[in-house]
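Dear colleague,

I am passing on the structure that we spoke about, together with some notes on its side-chain interactions. Please read the notes with the model open beside them.

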Amino acid sequence: MPMATRPLLTRDRAPLPTETEGLNAHVGADGVAVLEFDRPHRRNAVTLAIWQALPEVLKRLAEEPGVRALLVTGAGGTFSAGADIEELAGVYGDPDRADAYHAVNVAAEEALAAFPHPTLAVVHGACVGGGCQLAVACDLRFVAEDARLGITPAKLGVVYPAVPTLRLARLVGPARAKYLLFSGELLSAPEAAALGLAERVLPAAELDAVALEFARLLTTRSPQTIGAVKAALAVPPERAAEALAPWERRSREAPDVREGLAAFLERRPPRF
């Protein structure tokens with residue numbers, strides 16, 4: 001069962017207080033931080049308080065010395081079943097509250113997408129609705145073979161905000177985004193991978209170890225290269241060159257290229 005391997009991602013990591021029930025953050029000496037949704041009794045449904053806390057918690061994680069990668073996961077064998085439906089029933093009874101809720105929701109998503117280091121969603125179990133929205137905001141998604149993924153506003157009559165709609169379309173393509181959003185269908189892990197919603201599908205018992213190993217690998221890669229890639233791909237294609245220009249200028253004087261070439265010639269791992 002996935003639950004048996006869950007402690008691996010937070011083992012030997014110092015907790016970073018979030019002041020928010022159901023949201024945990026941890027930082028490790030290996031350069032990998034972990035953001036964990038922790039409401040297993042509610043399948044890690046995301047409360048308004050969690051949505052509100054995410055931008056500040058992500059900012060603090062990004063500012064932690066030595067952090068070079070972030071794993072996003074859920075406790076108890078579930079990534080997240082999405083927004084807390086009990087809260088939504090009250091939110092959508094008031095247009096002003098609904099507008100405010102959507103603004104908070106989108107701000108949390110954008111904060112995750114803007115995290116300056118690689119982000120990897122580690123998906124066990126359900127990854128649905130707002131949970132899938134957050135997984136899509138990550139750079140990469142590794143999922144367990146028994147995971148189920150889907151975005152379900154069409155089952156609730158909710159108008160999905162523009163920001164996550166366009167982010168999903170950029171990830172999987174417009175037609176596949178329509179397929180997911182029109183149907184609200186939950187996909188198996190292989191189906192999600194076939195649609196471009198997951199980069200790797202792994203046995204549940206192996207997922208955490210593989211994800212952690214990959215995150216540690218990313219901490220050894222050039223932050224300059226990774227940052228430039230994230231900057232270029234975060235904007236429309238016609239603005240990619242503009243977004244990349246300051247990274248290219250800085251790279252002429254930054255040590256990354258010199259170190260990378262020296263390491264290659266000396267046949268040793270680079271020390272970025």
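Predicted model: local features only at pLDDT ≥ 70, side-chain atom pairs only at ≥ 80, totals over all residues.

R39 and D84 are both buried, where buried stands for a relative accessible area under 20%, exposed for over 50% and partly exposed for the range in between, computed with a 1.4 Å probe on protein chains only.

Residues are numbered from 1 along each chain as its sequence is written, and side-chain values use heavy atoms, with hydrogens and water left out.

By the rule above, the count comes to 11 salt bridges. One of them joins D30 to R216, with the closest N and O atoms 2.8 Å apart. Because D30 lies in the loop between β2 (23–27) and β3 (32–37), and R216 in helix α8 (residues 204–218), this pair ties together parts that are 186 residues apart in sequence. D30 is partly exposed, at a relative accessible area of 23%, and R216 is also partly exposed, at 40%. A further salt bridge links R268 with E259, at 2.7 Å between the closest N and O atoms, and here both R268 and E259 are buried.

**Aromatic rings and charges**

The whole structure holds 2 aromatic pairs, counted where ring centres of Phe, Tyr and Trp (its six-membered ring) lie within 6.5 Å, with planes under 30 degrees apart called stacked, over 60 edge-to-face and the rest tilted. F37 and F79 make an edge-to-face pair, at 6.0 Å centre to centre and 80 degrees between the planes. F37 lies in strand β3 and F79 in the loop between β4 and α2, so the pair ties together parts that are 42 residues apart in sequence; F37 and F79 are both buried. The rings of F142 and F214 form a tilted pair, because their centres are 5.3 Å apart and their planes stand at 45 degrees. F142 is buried, with a relative accessible area of 3%, whereas F214, at 25%, is partly exposed.

F142 also has R200 over its face, at 5.6 Å from the ring centre, a charge being placed over a ring if NZ of Lys or CZ of Arg is within 6 Å of the ring centre and within 35 degrees of the ring normal. The charged end of R250 likewise sits over the ring of W247, 4.7 Å from its centre.

**Nonpolar cores**

The largest nonpolar core has 54 residues, of which L35, L54, L61, L70, L168 and L197 touch the most other members; a core is a set of buried Ala, Val, Leu, Ile, Met, Phe, Trp, Tyr and Cys residues joined through side-chain atoms within 4.5 Å. Its largest share, 7 residues, comes from α1. A second, separate core of 16 residues includes L120, A144, L202 and A204.

Kind regards

Definitions and conventions:
Salt bridge = Lys/Arg side-chain N within 4 Å of Asp/Glu carboxyl O. Helix = DSSP H or I, 4+ residues; strand = E, 2+ residues; numbered from the N terminus.
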